[in-house]
Each structure stands twice: as C-alpha cells, then as structure tokens.
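Reader: I've got a model open on my screen and a few things I'd like to sort out. Can we go through it together?

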Amino acid sequence: MIENFGTKASRDVLSLIERNGFEAVYVGGAVRDYLLGTIANDIDIATSALPAEIKEIFPHTIDVGIDHGTVLIVLKKESIEVTTYRTEGQYTDFRHPDAVAFVRNLREDLLRRDFTINAFALTLNGELIDLFDGKKDLSNKVIRAVGNPTERFKEDALRMVRAVRFSSTLDFTIETKTKTAIVENATQIQYVSVERIKTEMDKLFVGKNPVAAFSYIQETGLCKYLPLFPSSTKKLIATAPYQEPEVGWASLMIAGDFTPFAVVNAYKLSNAEKHFLLEVYDAYQNRREKLFTIDDYYRFDMSVLLLVENLNHCINPNGIYLTAINIERQKKSLPIQSYNDITISGKDLIEWTGESGGRWTSEWLSKIERAIVHGECENTVITIREWFLNEFKRER
Ligand code: ATP
Ligand code: MG
C-alpha cells in the first residue's frame, strides 16, 4: 500500500472503487512528479468504472465534465476528480477528438496520453505501470511522444506547446523525432484555442528553464504560428526567469515591441493581467527615454518599478542601472505615497471656500496631490490651506 502518495481521501476513493469491482489508478503528471521526488499540484485518478457507476458508489458527486467522463467526488471535505478510462476517436480539426469513447482497458487510456513521462499509472498497492518506457525517459530527462509523434500532433496540435512547456517546467530536452514532428506540424498550432495555449504558456514562463522553451519555440518554427511571439527570442531570453506568469507576459510584450492590447487580445489575458501590462508598458516607455521621474516613482508600485528597471537593463545593458535600494530610497523619499496620505479632504476645501461641493473638489485635490508630490506644498493642513487659497483665488 502506498502511503506517501496522494491524500488519505484520494486513497480511500481508489480503495472504494476497487472494492466495488472496478479498477482505479493514479495517472498523469502526479505520478511523474512522484517518481521525480517532487510534489504535484494536482492529482488525476483514472478508473474503469463509468461515470454512472462512480455516482452509484459515492453519495456526493458533482458532474464537472461528465461528457469527458470526469466526476468530482466529495469525500471528507475534499474533492477528488475521477475520470473514466477513455480513448479519443478520429481528429479532423487538429484539436477536438470527434468522439470520446469510454473503455474498460487501462492500456487504451494510457495510449491516448501525450508523452511517455505523462503516461504512467500507479496502483494503490504501489505497482507502477509503465507501458512506454517512461521511466527510462524520465531518468534521461527526455520528452518523447507516446507512439508516432506526427500522428499525435496532428490529433491535437496543443501537444507541441505542451512539449515545449515541459522543457521549461521539468528542464528536459525534447527527443529528436518528437522535435522534428513539431517542426513539421508547427503551422497547425493556429487552429488551437488561445485559452488552451495560454494555460501552457503560463506554466512555461514560471518553469525551471523558460530559456530552453523559448529556444525550442524559435527553432521549431512554432514562433511563426503562435498567436503572438517575438520574431527573435534574444531579448526575451535576456529577461528570464520569471516569478509570476504575468511577468512573463510583460516580458514578451516588451521583448516583442508589442502593445499591451496586442498581447491581451492575442492571448485573452485576464483584466488583472491587462492592468499589469498597461502599467509596465507606460513605465517602460518612460524609463527607456530617461531615468524614472518623480511622477513615475509616485504612480508605479515598487514591483512595477523593479521589473521595468530589470527589463530595461536586460534589453539595454549599456545604460545606467538603478539598484533596488536606489529605487526604494527614491520612492520612500516622496512626501506622500498615495492619495490617502493627504492630510486634508474635500470637506476642508468646501469649508475653506464656503462653496458647495461638486466636481471641483476632486479636481483641486488632484492639484494639491501633485503639488505635495513635487514638493511645492508641504503635507500639513496649514500649508495646504495657504497654498490652496492662494491658487484658488488666482484662478478665479
Ligand atoms: P502539471 O504538473 O503541470 O499539471 P500534467 O502532466 O499533470 O502537468 P495536465 O495538463 O494536468 O498536465 O494533464 C494531466 C495529464 O493528462 C497529463 O499528464 C497527460 O497524461 C494527459 N494530457 C493532458 N493534456 C493532454 C493532451 N493535450 N494530449 C494528451 N494527453 C494529455
Ligand atoms: Mg496536472
């Protein structure tokens, strides 16, 4: 019995399915990561039981992807996904199997998986099922398609981007025939939905070796057919590695000389990612022309300033380089860090002028904010009052 794999609840799921006369095994990335001695982020379970049979065994289930055979089992406050063994039928459009057929045979389920290192199964009693010599590839750090790579990429072109992203996340090389098949089929990536590509790119960016992945993307010609990619990876390579996917996206934007909108639209980035890219873009345009200004230090968060300084340094290594301490000192020395730090409010303006409230108060608060940031007016009630009344009268 395996004790150091999966959660207790997931082992209970396997055991219960088995006691009901069906097979259930751990599959996919979690088994690979277990053999590599790393901890997986998600665990996949495959079973010979049909979705309806799973629902008879477990009282609490949710149909998350029943058409594909996936049922979510809720057990001991944990939710565990279980997918019926399946094969995928004919592919006519490079991305969707025409039909998903449930099967009772584990071998057929493993045959549809993308790479040998992703096609292991592990039983509850600790037996490893390795039909395609995945263990050998794992020890040689090789990504190799299960079966004929050309056929596998024609079935689902996303697998080419997955090969490349595993070269980053695992720091493995892509086996020669598999790589050649990517070169031959690269153009088919155009037919894959950007959402699926983005999910893989997010993982690629924060992997161990994004530089290797970028090189593969260029070498194989995938760069020409991805939704948007710099024509030369030199600048992009200079900016790696990345802590967060959004930093990868920002680097792709800068390295490719793309606008934030181009990247956001091409890869359907989230609103939060869009906001981040807009900030990085503005800060980078300013920094490229000169050093950061007072307005830049005030407007942008430390994280954006540091990232942009780093990007600028990676891409233009001969210019002046501001250290993190230097940037932090400049930012901290501002009279205020944000609008909320201003010692007066709109109410004070109304009281001091005797006028009724309106849009003018927020306009004046912005002017006051600017004057404080630029050191033209101290952030105390008395000074602000004097500065404001003076300016206010002058403009009337
Ligand atoms: P990660 O650790 O990053 O989650 P993973 O290998 O678990 O990597 P998933 O996307 O979670 O990747 O997929 C789980 C498993 O499903 C894979 O290990 C593989 O066996 C199979 N798989 C996923 N996508 C495909 C695909 N496009 N074609 C064939 N098999 C796939
Ligand atoms: Mg996974």
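**Serine 10 and onward**

Author: Let's start with serine 10, which counts as buried at 2% relative accessibility (buried means under 20% relative accessible area, exposed over 50%, partly exposed in between, with a 1.4 Å probe and protein chains only). A word on the ground rules: this is a predicted model, where local features need pLDDT of at least 70, side-chain atom pairs count only at pLDDT 80 or more, and totals for chains, interfaces and linings use all residues. Residues are numbered from 1 along each chain as its sequence is written, chains are lettered from A and ligands numbered from 1 in the order in which they are written, and side-chain values use heavy atoms, leaving out hydrogens and water.

Reader: Which backbone oxygen lies 2.9 Å from a polar atom of the side chain of serine 10?

Author: Serine 10 sits in helix H1, residues 8–19 (helices, H or I with at least four residues, and strands, E with at least two, are DSSP runs numbered from the N terminus). Not counting residues up to four places away in sequence, serine 10 touches Tyr26, Ile45 and Ile80 (contact means heavy atoms within 4.5 Å). The backbone oxygen at 2.9 Å from its side chain belongs to threonine 7.

Reader: Is lysine 331 buried or exposed?

Author: Lysine 331 is part of helix H18, residues 324–332. Its side chain reaches the backbone oxygen of tyrosine 297 at 2.7 Å, a polar contact (a pair of N or O atoms within 3.5 Å; within protein, one must be able to donate a hydrogen and the other to accept it, and residues adjacent in sequence count only if both atoms are side-chain atoms). Its relative accessible area is 11%, so lysine 331 is buried.

Reader: How do the axes of H7 and H9 run relative to each other?

Author: The axes of H7 (residues 158–169) and H9 (residues 194–205) come within 8 Å and cross at roughly 10° (axes are lines fitted to C-alpha atoms, for helices over the stretch in contact, and angles run from 0 to 180 degrees between N-to-C directions). Angles under 35 degrees count as roughly parallel, over 145 as roughly antiparallel, 65 to 115 as roughly perpendicular and the rest as oblique. That is why H7 and H9 are roughly parallel.

Reader: Which residue has a polar side-chain atom 2.9 Å from an oxygen atom of ligand 1?

Author: Ligand 1 is surrounded by 18 residues, and Arg32, Asn118, Arg159, Arg162 and Arg165 are the closest (near means that a heavy atom of the residue lies within 4 Å). For lysine 203, a polar side-chain atom is 3.2 Å from a ligand 1 oxygen, and a polar backbone atom of glycine 29 is 3.2 Å from an oxygen of the ligand. The residue at 2.9 Å is arginine 162.

Reader: Where does lysine 77 lie?

Author: Lysine 77 has a positive phi, near 65°, in a residue other than glycine. With 88% relative accessibility, lysine 77 counts as exposed. Its place is the loop between strand E4 (70–75) and strand E5 (78–84).

Reader: What is the relative accessible area of lysine 141?

Author: Lysine 141 lies in the loop between H5 and strand E10 (142–143). Although not a glycine, lysine 141 has a positive phi of about 60°. It is partly exposed, with a relative accessible area of 45%.
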